[in-house]
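Here is a short report on one protein model.

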Amino acid sequence: MEPQSLCSSLEILTQHINTIIDLISSPYHCFTVVLVAFLATLFFACRRKAPIYLIDFTCYCPPSSYRLPLAMFEENQLYDNMDPDAVAFQCKIMAKSGFSEQTSISPSLAQIPKIKALSFALDEAETIMCSVIKDLFEKHNINPKAIDIIITNSSVFCPTPSLSAVVVNKFRMRSNIMSFNLSGMGCSAGIISMSLAKDLLRVHRNSLALIVSTETLSLNWYTGKVPSMLLSNCLFRMGGAAILMSSRVQDKHKAKYKLQHIVRTITAQDDQSHGCVYQQVDPENKEGISISKNIVNVSGDALKKNIASLGPLVLPLREQFLYLFSIICRKVWSSRRISIYTPNFNHAFEHFCIHSGGRAIIEAVERNLRLRKQDVEPSTMTLYRFGNISSSSIWYELSYIEAKGRMKSGDRVWQIAFGSGFKCNSAVWKCVCDVKPDTATAWRDTIHSYPLDIVRKN
């Protein structure tokens, strides 16, 4: 470049720099630049997803007077003029269920004869919900009026006013609280409630959300003879949980967990899946929940589809590569002798909370995911101590892990729930602090005696 051209270019550059300096030096233009920078920062901050925290949760522990030992179950059914064959079938199922003598039912179902009334169902729901919410609020000194979002879920019991309205009334919450009640969503409704809370908390930032998961038994006890409908009497027991989630920045340091992922799968497009868990009436016009014998296979199919979406989000690249490589090998060589690689989920999670829907469900998940016995211990012990407590079971399992002192900062938890429809939902949490064992939990009186070796009866 010639010296004259170089001098000309430098003069032009100097002029541009001086012009920018003059603009910035002007008070009006300086304010404009600052305002644009502030708006740009605010825009990108708003586009970033707000982190969702789990502050804490509480689980309902029924009093010992609500217990349902096998002998009491058999006696009540016989004295209630139930068909002897139906009673024998239920006792056989309960003997194989993996339940202890500590599982509980509503007092109204222990009466002879049983009284199925709306008033008893409302009393049961209010007892559970108010107990867990009160414990949660007192534990963290929370004013009910500070709650911005309330979500309740109960699959079969859906009164008017709704259960969420009952909570607002009992705790005198604000008139502008966002209130939601989910019904008919089955045992996976707890994670569906979390998904709804997550979306609302990200839209309405700096908010608190209270979730209450429960199921009432008072109106849902089946008194007929159909075996598939008698199963619900053998499996479902009394329980519930309250969960406090937040998108407030100030809650970061007192939260236990941070939400990583929620993945929901529904297979209702398939008739077999849709009818797997079904509310209906029998030939004697008695209402109940029918549970298909294909439920384990249906659950397995739903879990595979759920993992197909969750796996790429959580599994290390090595596990994803091995899985993909095994599929390619099987396609290329067209040989069934080449098995598809099952990823090692212990490389993605330290803890597993599998819905305690029944012993067969837990064992199928353990087998298909090649989990260790200690991985399914929280689910097995929850089923043994409390039975199938529907959508709240995953919280009893998380409470078990905490009560054992196993939850450490950085640990990842995978909650898996199955429900009618058929649905398989997953939630992944990351622990943000070392969780100390809490003496005021549903496991407070018995945690020292677990785990137990449960003898399987044939």
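Glutamate 377 is buried, at a relative accessible area of 11%. Buried means under 20% relative accessible area, exposed means over 50%, and partly exposed lies in between (1.4 Å probe, protein chains only). This is a predicted model: local features need pLDDT of at least 70, side-chain atom pairs count only at pLDDT 80 or more, and totals for chains, interfaces and linings use all residues. Residues are numbered from 1 along each chain as its sequence is written, and side-chain values use heavy atoms, with hydrogens and water left out.

**Salt bridges**

Side chains of opposite charge can pair when their charged atoms come close. A salt bridge here is a side-chain nitrogen of Lys or Arg within 4 Å of a carboxyl oxygen of Asp or Glu. The count by this rule is 16.

| Arginine 406 | Glutamate 377 | 2.8 Å |

Glutamate 377 pairs with arginine 406. Glutamate 377 sits in helix H13 (residues 373–386) and arginine 406 in the loop between H14 and strand S10 (412–419), so the bridge ties together parts 29 residues apart in sequence. Helices (H or I, at least four residues) and strands (E, at least two) are DSSP runs, numbered from the N terminus. Arginine 406 is partly exposed, at 30% relative accessibility.

Aspartate 438 is partly exposed at 23%. Lysine 139 is partly exposed as well, at 39%. Both belong to a network of salt bridges that links Asp56, Lys139, Lys256, Glu402 and Asp438.

**A buried helix**

How many residues of helix H14 are buried? Eleven of the eleven are, so H14 (residues 393–403) is largely enclosed by the rest of the structure. Among them are Trp395, Tyr396, Tyr400 and the charged-network member Glu402. Glycine 405 follows H14 and has a positive phi, near 75°.

Alanine 241 lies in strand S5 (residues 239–246). Its relative accessible area is 0%, so alanine 241 is buried.

**Helix crossing**

Helix H4 (residues 84–96) and helix H8 (residues 227–235) have axes that come within 10 Å and cross at roughly 55°. Axes are lines fitted to C-alpha atoms, for helices over the stretch in contact, and angles run from 0 to 180 degrees between N-to-C directions. H4 and H8 are therefore oblique to each other. Angles under 35 degrees count as roughly parallel, over 145 as roughly antiparallel, 65 to 115 as roughly perpendicular, and the rest as oblique. The crossing of H4 and H8 is right-handed, meaning that the near helix is turned clockwise from the far one by less than a right angle.

Most residues other than glycine have a negative phi, and most peptide bonds are trans. Arginine 172 has a positive phi, near 50°. It lies in the loop between H6 and strand S3 (178–182) and is exposed at 54%. Asparagine 285 also has a positive phi, about 65°. Its place is the loop between strand S7 (277–281) and strand S8 (287–291), and at 60% it counts as exposed.

Which peptide bonds are cis? One joins threonine 160 and proline 161, with omega about -5°. Proline 161 is in the loop between strand S2 (149–153) and helix H6 (163–171). Another runs from tyrosine 450 to proline 451, with omega near 5°. Proline 451 is in the segment after strand S11 (423–431).

**Surface**

Tryptophan 333 is in helix H11 (residues 317–333) and is exposed at 58%.
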